[in-house]
Amino acid sequence: MTSLFPDLLRAVITDIMLILLLSTMATPKYKSKTLYILSTAIILVVNVSTNYYFYLSENYTAVFYADFTMLMVIGIVLKPLFTDKIMQWCFSYITMLNIYEAVVFLSYIFSDIFPNPAYGNVFLRLILFLLIVFVFHKWVSKPYRSVLDYWYIYMLPIVTLQACFLGYLFGGNIEKMLVNNYVPLMLLILLGLSIYVAIIHSLKTITKQYAMREANQTMQAEREYLQLAAGSMSQRLELMEEVSARNSRAAHDRRHFNNVLLELLEQEKTGEATALLQSQNRMTQKISRVYCENSAANAAVCHYVALAEQAGIFTETQLDIPRELTVDSLELSMVVSNLLENAIQACGRLTDGTKPHLRFTCRNMGRLLLEMENPCAEDTALDENGYPAASEEGHGVGSRSVVAFAKKYDGELLYKIENGVFRVRILV
């Protein structure tokens, strides 16, 4: 049993390192590590038990075949435990095979430099695997997991590399194959290293391109947002001018009313004065309401709630928007305007007899949580990004401005359609 210990130790270390390497490359699906530890233990027990039989007869060729078969099983059995797409998983799996075969060759060839080659082989495998895992985790893992597509481009060189390895390792005594093909295998390892360096460089380049594209999309969204802000500001300036003119007319009319009222009181015509006051109270409309402390948001809500009520839409508002905000008040008021305007338009498109209504709430929890709820037509849908899909060309600018606002302040934006009800939630 003592003579078999280095072989068994080498098998245990190889199996554990291969599982660790695959877990470093692939993305685990489950948070619990127990499942992965249990899977590793089962693979370890089965493989070591199989290898033990061949170690007794010192049939290392059969050991290599058994290990290779075990790796084939790992590629199939462990796939459900990881989230990688099939092409990325195949790339990781074949890469694991290439690394395994290169490490087997290097650890066997250079084990003779140690006083005890059997333990030297074990030590070299451990060091080589740990070095590869460290390099991958430190410098490769982030771009590797960021790239989700185009893996088929990299499959041809690594599959060819794997075929070359198998051509030198299969078909005879494994120890003789390693010794007799020393130079070709060393050159093949150098070729494989250059292939993977080129692939890693390509992955990092693609990752940078993705980042640049996302930055360009963000800049485009911000430009659209600024254009929308400029247009909305112009509309609000016009509205302010209209309100100012209306207030001037009201002040002028109020001055005449006060003069008439004073004249009636001076003539002691209290009955006529009372009737005039009662008539004025009936004619006076409540122009504005206070929905929240923030004046810009309150003005937007007043304007669109009035439009909703004129359209026969039942409105329910409960807003806790403080005067001082961590976001720009004008930008928030435009988001509020867009949400209310979109909800009013959605209610106007109802054709199935559903009673139009909108429910708008905002809670202040250190961050603002805005929620809008309204019924929607059956053809209302979300696009692949989870945002409202524009039904007609030129529409959807308001929704894009809401998205830009959420991105600008690192907020969370969620759209949802369920049972004919459209809901949007923004946390900023």
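Predicted model: local features only at pLDDT ≥ 70, side-chain atom pairs only at ≥ 80, totals over all residues.

Axes here are lines fitted to C-alpha atoms, for helices over the stretch in contact, and the angles run from 0 to 180 degrees between N-to-C directions.

Residues are numbered from 1 along each chain as its sequence is written, and side-chain values use heavy atoms, with hydrogens and water left out.

The crossing of helix 4 and helix 5 is right-handed, which is to say that the near helix is turned clockwise from the far one by less than a right angle, anticlockwise being left-handed. Among the residues that meet there are Gln88, Phe91, Ile99 and Val103 in helix 4, and Leu124, Leu128, Phe129 and Tyr144 in helix 5, where contact means heavy atoms within 4.5 Å. By class, this contact has 12 nonpolar, four polar and two charged residues; Ala, Val, Leu, Ile, Met, Phe, Trp, Tyr, Cys and Pro count as nonpolar, Asp, Glu, Lys and Arg as charged, and the others, Gly among them, as polar.

Gln88, which has its place in helix 4, is buried with a relative accessible area of 4%, given that buried means under 20%, exposed over 50% and partly exposed in between, for a 1.4 Å probe and protein chains only. Not counting residues up to four places away in sequence, Gln88 touches Tyr144, Arg145, Val147 and Trp151. Phe91, with neighbours within four places left aside, is in contact with residues including Tyr144, Trp151, Tyr154 and Ile158.

Helix 4 also packs against helix 3, since the axes of these two helices come within 10 Å and cross at roughly 165°, and that makes helix 3 roughly antiparallel to helix 4. Helix 3 passes helix 4 in a right-handed crossing, and the contact includes Phe68, Leu71 and Ile74 of helix 3 as well as Trp89, Met96 and Tyr100 of helix 4. This contact has 10 nonpolar, one polar and two charged residues.

The largest nonpolar core has 57 residues, and those with the most contacts inside it are Leu71, Ile74, Leu78, Phe91, Met96, Tyr144 and Ile158; such a core is a set of buried Ala, Val, Leu, Ile, Met, Phe, Trp, Tyr and Cys residues joined through side-chain atoms within 4.5 Å. Helix 4 gives the most to this core, with 14 residues. A second, separate core of 35 residues includes Val301, Val305, Leu319 and Val336.

Elsewhere in the chain, Gly398 lies in helix 12 (residues 397-408) and is buried, with a relative accessible area of 14%. Its C-alpha atom is separated by 5.5 Å from that of Asn338, 60 residues apart along the chain.

Methods. Helix = DSSP H or I, 4+ residues; strand = E, 2+ residues; numbered from the N terminus. Parallel < 35°, antiparallel > 145°, perpendicular 65-115°, else oblique.
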